[in-house]
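This report covers the chain interface, the domain layout, the sheets and the helix packing of one structure.

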Amino acid sequence: MTRDRRIAVIGAGMAAARFAERYHALGGTARVTLYGAEPRAPYNRVLLADVLTGRYDAETIALPFGRADLRPGAEVVGLDPAARRLTLADGSTETWDQLVLATGANPVLPPIRGLRRPDGTGLRDGVHALRTLADCARLSEDATSAERAVVIGGGVLGVSTARALAALGVAVEIVHQGPHLIERQLDEDAALALRGALRTLGVETYPGNRVRAVTAAGEVELANGHRLDTDLIVLACGVRPRTALAHAAGLAVGTGIVVDDTLATGAPHVHAIGDCAQHRGTVHGLAGPAWEQADVLAARLCGADPEARYTGSRPLARLTAGPIEYAAFGDVQPDEHPELDVLRLTDATRGSYKKLVLRGDRLVGAILLGDLATVGDLARALERDDPLPDHPLHLLTTLGAAR
Amino acid sequence: MTTTTPAATATHCPYCSLQCGMLLAPTAIGSAVPVHVRERADFPVNRGALCGKGRSAAALLGPGTRLSTPLVRTDGGELRAAGWDEALDRVAAGFAAIRAEHGADAVGVFGGGGLTNEKAYQLGKFARVGLGTATIDYNGRFCMSSAAAAGRLAFGLDRGLPFPLADIPHTDCLILVGANPAETMPPALRYFRELRENGGTLIVVDPRRTRTAEQADLHLQPLPGTDLALALGLLHLLIADGTVDTDFVAERTAGFEQARAAAMAHWPERVEALTGVPMHQLREAARQFGQARTGMVLTARGPEQQSKGTDTVGAWINLCLAAGKAGRPYSGYGCLTGQGNGQGGREHGQKADQLPGYRSIEDPVARAHVAAVWGVDPDTLPRSGRSAYELLDSLGRPGPDGVRALLVMGSNPVVSAPRAAHITGRLRKLELLVVCDAVLSETAQLADVVLPSTQWAEETGTMTNLEGRVILRQQAVAPPPGVRSDLRILRELAERLDAPADFDDDPETVFAELRRASAGGQADYAGLDYRRLRAEDGVFWPCPTADHPGTARLFLDRFATPDGRARFAPVTHRPAAEQPDPEYPLYLTTGRVLAQYQSGAQTRRVAELTAAAPGPFVELHPRLAARLAVTDGEPLAVVSRRGRALAPARITDTIRPDTVFMPFHWSGPGRANTLTNPALDPTSKMPEFKVCAVRVEKVLT
């Protein structure tokens, strides 16, 4: 007796949904099952900040997932790669022919005293993360009665959450441990421009400050002793790949689950994609690369392109937070080097800042903030590694750009 | 003594799907051509306006331009003049012998979207009844088949425009996708101009800043092959902006949930990365279209000639449906059909899967109806055949699936087919190639038998323009001696093949039969006759009875689906079949220029047009030119996996720096279709003319 081939996907987030959608669209015939820890269908996590502002309804942001069987709220607690078997939280087991780990990432809880409930069962009232629609719903409810909020962490998530809260009429303060906002993507000048733009929206920023504790009264206490009075706190201190299952199953785990260019782990028939995967030493943690990985794996497993390879991404960091918008890509803060040229254009009246980092006639990195007219050209130039023309200024101004 | 000037004949242009009205007035005795073109101001489509092609069309009637005697290939391989009986006997005997030895499907028929309705109808009947072959398709497959497929899926019916062109100026926001009417149908441009004069917004989507794009309020310049992602991104923004017409979606559509989910997978940042269109332009386009009271989306070959053309058009239709801009006055989706009878040509049975009246050849009821009109047993009718590229690719192949003889009518695939060098090679492998044409086209030059047929002003017939308006193209001159009509050629061949049905060669009689065959079908012509077409400036189908006024506007009450609801297409973006890589780092896109038409078989024979557009060229951006150290006019080779085409550089900043453009009107070394990719759309079988990967090389001279 034959039975259907089965592909088990652990996770029902963006990478999982994309994999399932592509797998069936490309003609895959195996039964695909998505085991999701969350009690709902896959949705577009990228849009959560704008669910908070009300631009999207929670139901609206559902993503397609092909003809996969969805098992919401089915948390996988154990894997046996040798037996090709997984164990669910209720103790039942299921088998697979191919396994795809798309477990995603968890918010990082920083070492701050007083974040948790006294009994240690979770975040205390008024303290939020923003990773799931459930987080979003809780935060949204609190925000309706809040006048002030503190966002801990001034990365992409912190900035977009702060802006979303500000759009709801909440006065927001960002406490950021790094030297300036979003230091992984922006240089100091861009961060300054961003800080100014946030201020006009009602968001104050304190870079170079560490939060030490949340007091019993619910105040945010900085390392310098200063205290911020607030009605709610949002933690935006980055995410960490969910690797516990993989680790317990004996798979190679670094920061994320280690995969090769075929997105295979060391164990036969076990793959990993998305925020939980570490490829060539990099955990991207962005939707774009996660989808590229999902596309490659789907093409391999459905047979449409068994030789497909994922060779890495040069993702464009793109933030849109209401009126605030920037794009950053490549290396934007290189060490001083005689071969590198840096081109900057600042327009204080328009609040725009642009920067190109060039090595000879090649683009190494770029930032566009405030005026993104040339973003398409820049992205293309970086992605294709094309030599630039004699006057790369066209990549900074619409004057003489694509048209 | 007084002479009376013979009256001018009211008729229509020989070229594109507008079918502009024109008058053909006799010229003085001794003139090179028998008539000249005059304005026909009262015809509603073009209101007197004509482009250079239309104005110079009478040159096609001049001596030396057209064929006037049948040609047959000698044992020595030359084409020599022959009498009609010799030529027709040879064709009939050849078809009969191949049919007897290899089966009827080994004899193929390839039609064209420029044929009159009568010819298209008769050609389909000839294939199914005269030859008994399933092997028939036509070049319309290369034209608007993706739009046709998407339209049928969404609305249950395919008609190029669901409204008259004259409605366009009254819509609030129009998105023109991959269409360049400023060069392909200039007399239509006034409708877009009037739209803007009325305060409406024109948005043009095109990888090139065409003359049309230059007139737009907003020009989105996506990478070739990414229109589908662009449409999904705009739908995403309509949802986010709250401009979805939820009442319309609830009352008149089905399938929105899936379309919405697909749109959610195309959030603005991602669409910007896929298409190269900056997010602020996406937002502006979505805002304009979403907030407009009425709106239209019109597509042409850009989004359609892709290996995902059906899905791409479906995504644009989704946008209309979500915004409530379909099935209402001054709103809707339409396709700007290309060829003169691209519309009628797809309705009456020269398509592989179709019977007259836009009926399916697999539908038993349709088979019974048409077989009754033809007086044959329904069971004798063949089933669906293969699509145009598949048909051409099977020519001369050994084995049971090979097509050994081909009758070509009104098409020039040597120039117009994708991967044209390969297709030319296939045509050469045929045992018998027969071409009916007015001129010695590149395809006719390969033929074993060439049959010179009447054209345009030399004959009468009906055409159906892009609006679905059936018009009468009237004879204005006597055909030259030695030339016969396609209808007569088909009749004589049918008789020689002992066809079990009658084939008339009088157009009006054939039209009467077509009316009966189409009756009850979607494209119902039953209520039309030549008198009405003459008197009413054409009539819109469906027109089921003589007292029916015709249907200028479709879908106002219900869509043509069984439940009356339009269907959202569950589509998602995928890349073009061929993406640039280090070896072929650029996109090639192809298209047309103002002074030429399609494969150029007609226009390249008109001196005035050839002077205006003498040959092919390669458009490239100054930055690309600088990188390749190419100067304007320098000879270039454009190389794809399928071949190499030569043409001079034309440097212009109207094109994206990662894309080159070639017009496809020419044969020989500059033939753009040598390069194009025959990757087919799974639904429409449309080849991917509009995007493939190439490199550009300097040619050392």
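The text below goes from domains to the chain interface, then to sheets and helix pairs.

The model is predicted: local features need pLDDT of at least 70, side-chain atom pairs count only at pLDDT 80 or more, and totals for chains, interfaces and linings use all residues. Residues are numbered from 1 along each chain as its sequence is written, while chains are lettered from A and ligands numbered from 1 in the order in which they are written.

## Domains

Domain bounds come from an automatic or database domain assignment. Chain A is split into domain 1 (6-106 + 239-302), domain 2 (127-235) and domain 3 (331-395). Between domain 1 and domain 2 of chain A, the C-alpha centres are 30 Å apart. Here 10 residues of domain 1 of chain A are in contact (C-beta atoms, placed from the backbone, within 7 Å) with 12 residues of domain 2 of chain A. On the side of domain 1 of chain A that touches domain 2 of chain A there are six nonpolar, one polar and three charged residues. In this classification, Ala, Val, Leu, Ile, Met, Phe, Trp, Tyr, Cys and Pro count as nonpolar, Asp, Glu, Lys and Arg as charged, and the others, Gly among them, as polar.

Chain B is split into domain 1 (9-61), domain 2 (71-140 + 341-540), domain 3 (145-336) and domain 4 (586-698). The C-alpha centres of domain 2 and domain 3 of chain B lie 34 Å apart. Seven residues of domain 2 of chain B are in contact with nine residues of domain 3 of chain B. The side of domain 2 of chain B that touches domain 3 of chain B consists of one nonpolar, four polar and two charged residues.

## Chain interface

Between the chains, 28 residues of chain B are in contact with 26 residues of chain A. On the chain B side, α7 (227-241), α9 (256-264), α10 (268-275), α11 (279-291) and α22 (622-628) each supply at least two residues. Helices (H or I, at least four residues) and strands (E, at least two) are DSSP runs, numbered from the N terminus. By class, the side of chain B that touches chain A has 13 nonpolar, five polar and 10 charged residues.

## Sheets

Two strands pair if DSSP finds at least two bridges between them. In chain A, five strands form an open sheet in the order β9-β16-β10-β11-β12, with parallel pairing. Its edge strands are β9 (127-128) and β12 (203-207) of chain A, each of which pairs on one side only.

In chain B, an open sheet of seven strands has the order β5-β4-β18-β17-β16-β6-β7, and the pairing is mixed. β5 (79-81) and β7 (136-138) of chain B stand at the edges with a single partner strand each, so one side of each has no neighbour in the sheet. From one strand to the next, the twist averages 20°. Angles run from 0 to 180 degrees between N-to-C directions, and axes are lines fitted to C-alpha atoms, for helices over the stretch in contact. Helix α3 (residues 117-131) of chain B lies across β6, β7 and β16 (405-409) of chain B, at about 175° to β6(B).

| Strand pair | Bridges | Sense |
|---|---|---|
| β13 (residues 211-214) and β14 (residues 220-222), chain A | three bridges | antiparallel |
| β10 (residues 148-152) and β11 (residues 171-176), chain A | five bridges | parallel |
| β6 (residues 107-111) and β7, chain B | three bridges | parallel |

Val211(A) stands opposite Leu222(A) in β14(A). β13(A) and β14(A) form a hairpin with five residues between them, and Gly218(A) in the turn has a positive phi of about 90°. Arg148(A) stands opposite Ala171(A) in β11(A), and Gly111(B) has Tyr138(B) in β7(B) as its bridge partner.

## Helix pairs

α7(B) and α10(B) pack at an angle of about 160°, with axes 9 Å apart. They are therefore roughly antiparallel (an angle over 145 degrees). The crossing of α7(B) past α10(B) is left-handed, a term for a near helix turned anticlockwise from the far one by less than a right angle, with right-handed for clockwise. Residues of α7(B) including Leu230(B) and Leu237(B) meet residues of α10(B), among them Val271(B) and Leu274(B). This contact of α7(B) with α10(B) has seven nonpolar, three polar and no charged residues.

In chain A, the axes of α1 (residues 14-25) and α7 (residues 287-302) come within 8 Å and cross at roughly 35°. α1(A) passes α7(A) in a right-handed crossing. Among the residues that meet are Phe19(A) and Tyr23(A) in α1(A) and Trp291(A) and Leu297(A) in α7(A). By class, the contact of α1(A) with α7(A) has 12 nonpolar, one polar and three charged residues.

Notes. Two residues are in contact if their C-beta atoms, placed from the backbone, lie within 7 Å. Angles under 35 degrees count as roughly parallel, over 145 as roughly antiparallel, 65 to 115 as roughly perpendicular and the rest as oblique.
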